[in-house]
Amino acid sequence: MRRARLRLRPALAAVTATSLLAAGVACTGGSGDSDRVRIGLLVSLSGIYTSVGEDMQRGFQLYLDTHDGRLGGRKIDLIVADEGDGPATAVPAAQKLLGRDRVVALTGLVGGATVDKVQTLTHERRIPLVGANARPEFAPVAGAPRDLSYTWHTSYNSDEPGIAIAAHIKAEVGGGSVYAIGPDYQGGWDELRGFTDTFTELGGKLANPGGKTVFTPFPTTENFLPYLNKAAETKPAAVYTFYAGGPAVAFVKQYRQSALKDVPLYAAGFLTEGAVLDAQGTAATGIRNVLNYSPTLPHAANQQFVAAWSAAGHPGQPTTFAMASYDAAAVLDRALAAVDGPVTGETLNAAIATVGRIDSPRGDWQFHPSEHRPVQRWYLREVRADGPVLSNVLLQDLTTLPAT
Amino acid sequence: MNTLVITTVDGIAYGLLLAIAAAGLTVAFGAGGVLNLAHGTFIAAGGYIAAAWTAGTWGSLATAILLATLAGAAGGGVLAAATAGLRGRGHLDQALLTFGIALVGGDVLTAVFGSDVLRPRMPAALEGTVAVAGYRYPVDRLAVLAVAVLVAVVGYVVLHRSRAGRLVRATVDDRAMVAGVGVNPRTVDAAVLVASGALAGLAGALTTPILGVGPGTADTALLLSLIIVVCGGLGSVPGAVAAAIGVGVVQTVGVVTIPALAPYLLITAMAVVLLVRRRPVPGQVT
Amino acid sequence: MRAFTQAVAVARLRSLPMVAPLVVAALAIIVVAVAADPYLHTTVARMLPFALLAVSVAVVTGHAGLPTLGQVAPYAAGAYLTARLALTGIDLAIVHLLCAAVVGAVVAGLAGAVLVRHRGTVFLMLSLAVAELTAITAGQWRAVSGGTDGLAGIPAPRLLPGLPPLLGDRTVLLYAATITIAATAVAVWLLRGDRRMLLTATRANEDRARASGHPVNAHLWMVHCAAGAMAGIAGTLLIHTHRWITPADVGFGTAALVLLAAVIGGARSLGGAAVGAVIVLGVRDVVAVEVPGHAPLLVGALFVIGVYALPGGLTALPARLRRRHRRHAGPHAAAPPTAATSVRSTS
């Protein structure tokens, strides 16, 4: 405690000094507000989501590095904090960023549960939250829907991949049925519900007994073979799934060893996104999946992004996690440029609402006016050899979500 | 119906895989007197080494398994040195120490091998599937099954037929007696912990091709091993093997036959085994 | 300052050694509360439910001699019940605390009916099963728990009807500290005299205690229930200080951290357990922010150092220092080794 207070003194001094300066600047007509701006980046740097967290950090840093360390003409102090495995470690870290470092915006956030808890903190303090990974379905607070006025996401809602691919799968299987399987936690429930609800609305039939999606205990399930062999008994025309990280590797490998081997496998793109694809190897070949990004997209913005990624010495191809975090920096760049006068949570938040179209590696997108998440295209990808490496190669556009 | 047969076979194979993972833990507890919560970390270390070393050839696979085993043995040596000073201070202090080692070790593993999930590159012959009694079954699991049986046999022979094994069993029964025949029981303890670490490293190398290895591996491996060791009767190797097969079957046949209870199944099974097996309480302080 | 002199006067008046640590704790909280730093207030307030849970674990582990991971079950019951009450509009803190204490005692009573018949490692593993089942149930029972992502935005409680909700950082800190210290004081008071002796005797030689006609298991069960009530109150504090909850907060991870915090504190000392919890969280949430991503490394190092540097835990430190001092003073002054110094060999 004592150490914390000792360390706090310079921070307080800095804050006092900058606010005095800001006041002085305001008096002289507010011309040179080139003060430094503090941004908090909260991502998992320890625990089971570290891989995703590091990717997001790389994405944000890449934007900063390719823009002279400045966003909107202002020098950025990026303060990184560790989200760990979830809210128990993420909330103290967020409180430190908000309370001690006085950041004017918070970005990153790997886990859905973390978003759910940290959102209430940033909202209370009127600090914009620019999340760059899956947004969960927010539960209402005290009976009212969650107020999203200070909440933005450059990524997607966790039920969107399933919604986006349902019509395509329906067209492919025709009258055949689809087996749905996923991990037993909120992210898995959202991802699978997005698919099964949309698919059945379109007249599709689930192969699962009773039409109920099979959920495997998370994160303890590592042996999927019995589930897969059981699924094969229902003779599905295709399988739809969502897994990420370690379970994604085990699932894909064991799928190719199971009785389902030759049944087409469709998935939310996270199943084969990033480093897991290297570990899966050729077992992943032919998996068709849906995501808002593919490193093989032909846009100029993407080619620049991929080239910058390689030039920075990062391994492999950039992922949707890195891309969304890169875009979070782009959003802040434009918003900070639009802030006239001192940068506070309020002024920055108002500016974010005005950023308009973002020229992103994924293609152009803009924020939904009330839900504050991207209106963006979703792509069908297939795992194929792209030169010497396996890649999620773009097959076709699927749809634009959310419909406005 | 048909699937149930192959699933049961898989349950037993998976159980034997878990048995190797748990064997080291039960040996460390029964003969070494140490409750090792860093066991999962040793397994993960073996897995990482195997994943980093293999290059798709038989030679690299053999070297990788050997290196993983040696690394595990080294970990066991560290454990022996670290716990030597804690004799007589109870299992909670050991838990504190070994949990600390596990946390530090996990951080070191991530620093060395990165945070991604890794999987070894296996010889092509092991990547396919074969027909077993009309069903398709992965070759790598069969290979692991064979190795597991081999390890169990070797372990049994060493423990019951060799002088080293007799010394270990004697140390468990009567330390003073062992000291009487001119052997320092602490040396036996240390040797047992080294062997236990080697088993953990080997288990890591064997499981990684099937399950992959990543930041979550240590926790899962430790939890499953603990459950197996406790259900099998602490310190008993045959008990652990039986319990491991039980866990394997619960995790395969159980979860697909009673999917509604899948999340609860394993823990409930453990609790039931502990309760059914319980001995009368008076005077019994294990 | 007046609070300080009064407190010292009270301590001197009673001259009870048990009161002194509580007074020190109260003073520490007052010092923190006086500082004009909301971040510090939030940080300390966040640690208090965990500290009270550690106290309840120390009661079961240190005094009853049963190393437990299962106190997260009554903790979870108290927390989720408080959350549900607050979400349905019942926002009186005292109602939350009482309900949580009752439900905590009931849950601990049910679990204890099975658990207290066992000892040592079997008890530990059964309590591990309790912890795992608690977290799994919390994740699966979506209507109550909100599922694996848990609940957020839980309304703040009120101290009295008509008063504003407990929202200010300093207010929440003082409120949580009052409850934590009061509950710990009650536990210390309950565990004095004959009860303490009986538990010590049971730990030392259960057969003899049994032979002397003491219904050992019944005693242990009652201790387990009382500790459960305390864990339930800690659950209420978790909601009142955090205003969110996830199943991970009531699972094995929390249980293990709390048990080890109690061991670091010196499992038989309730205050020591609370301090141990504050140290562990301080390392994880305050010190480790300077090196993002390495919190596990620092906590692990803390455990390893703790084992070697603090045999017998934090609270055994003064006694060890004194003994060392005497030994240096001369061989004749050396105190004979006492049973009290061989702390916590529970299995």
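The structure is a predicted model in which local features need pLDDT of at least 70 and side-chain atom pairs count only at pLDDT 80 or more, while totals for chains, interfaces and linings use all residues. Residues are numbered from 1 along each chain as its sequence is written, chains are lettered from A in the order in which they are written, and side-chain values use heavy atoms, with hydrogens and water left out.

In the interface between chain B and chain A, 31 residues of chain B and 30 residues of chain A take part in the contact, where contact means heavy atoms within 4.5 Å. The area buried there is about 2,600 Å², with carbon and sulfur atoms giving 56% of it; buried area is the accessible area, found with a 1.4 Å probe, that two parts lose on being put together, summed over both. On the side of chain B, the residues that lose the most area to chain A are Val117(B), Arg119(B) and Arg136(B), which together account for 21% of what that side buries.

Across this interface 1 salt bridge is found, a salt bridge being a side-chain nitrogen of Lys or Arg within 4 Å of a carboxyl oxygen of Asp or Glu. The pair is formed by Asp140(B) and Lys253(A), whose closest N and O atoms are 2.6 Å apart. Between chain B and chain A there are also 12 residue pairs in polar contact, both residues being at pLDDT 80 or more; a polar contact is a pair of N or O atoms within 3.5 Å, and within protein one must be able to donate a hydrogen and the other to accept it, while residues adjacent in sequence count only if both atoms are side-chain atoms. The largest share of the side of chain B that touches chain A comes from α1(B), with 5 residues, helices (H or I, at least four residues) and strands (E, at least two) being DSSP runs numbered from the N terminus. By class, this side has 16 nonpolar, 8 polar and 7 charged residues, where Ala, Val, Leu, Ile, Met, Phe, Trp, Tyr, Cys and Pro count as nonpolar, Asp, Glu, Lys and Arg as charged, and the others, Gly among them, as polar.

The contact between chain B and chain C takes 38 residues from chain B and 44 residues from chain C. About 3,700 Å² is buried between these chains, 74% of it on carbon and sulfur atoms, and Leu92(B), Leu96(B) and Tyr264(B) supply 19% of the area that chain B buries against chain C, more than any other three residues. Between chain B and chain C the count is 0 salt bridges, and 3 residue pairs are in polar contact. The element that gives the most to this side of chain B is α4(B), with 13 residues, and the side as a whole divides into 26 nonpolar, 8 polar and 4 charged residues.

Within chain C, the domain assignment, which is automatic or from a database, gives domain 1 (1-34) and domain 2 (35-341). Their centres, taken over C-alpha atoms, are separated by 22 Å, and the contact takes 9 residues from domain 1 and 14 residues from domain 2. The two domains bury about 940 Å² between them, 81% of it on carbon and sulfur atoms. The side of domain 1 that touches domain 2 has 9 nonpolar residues, no polar and no charged.
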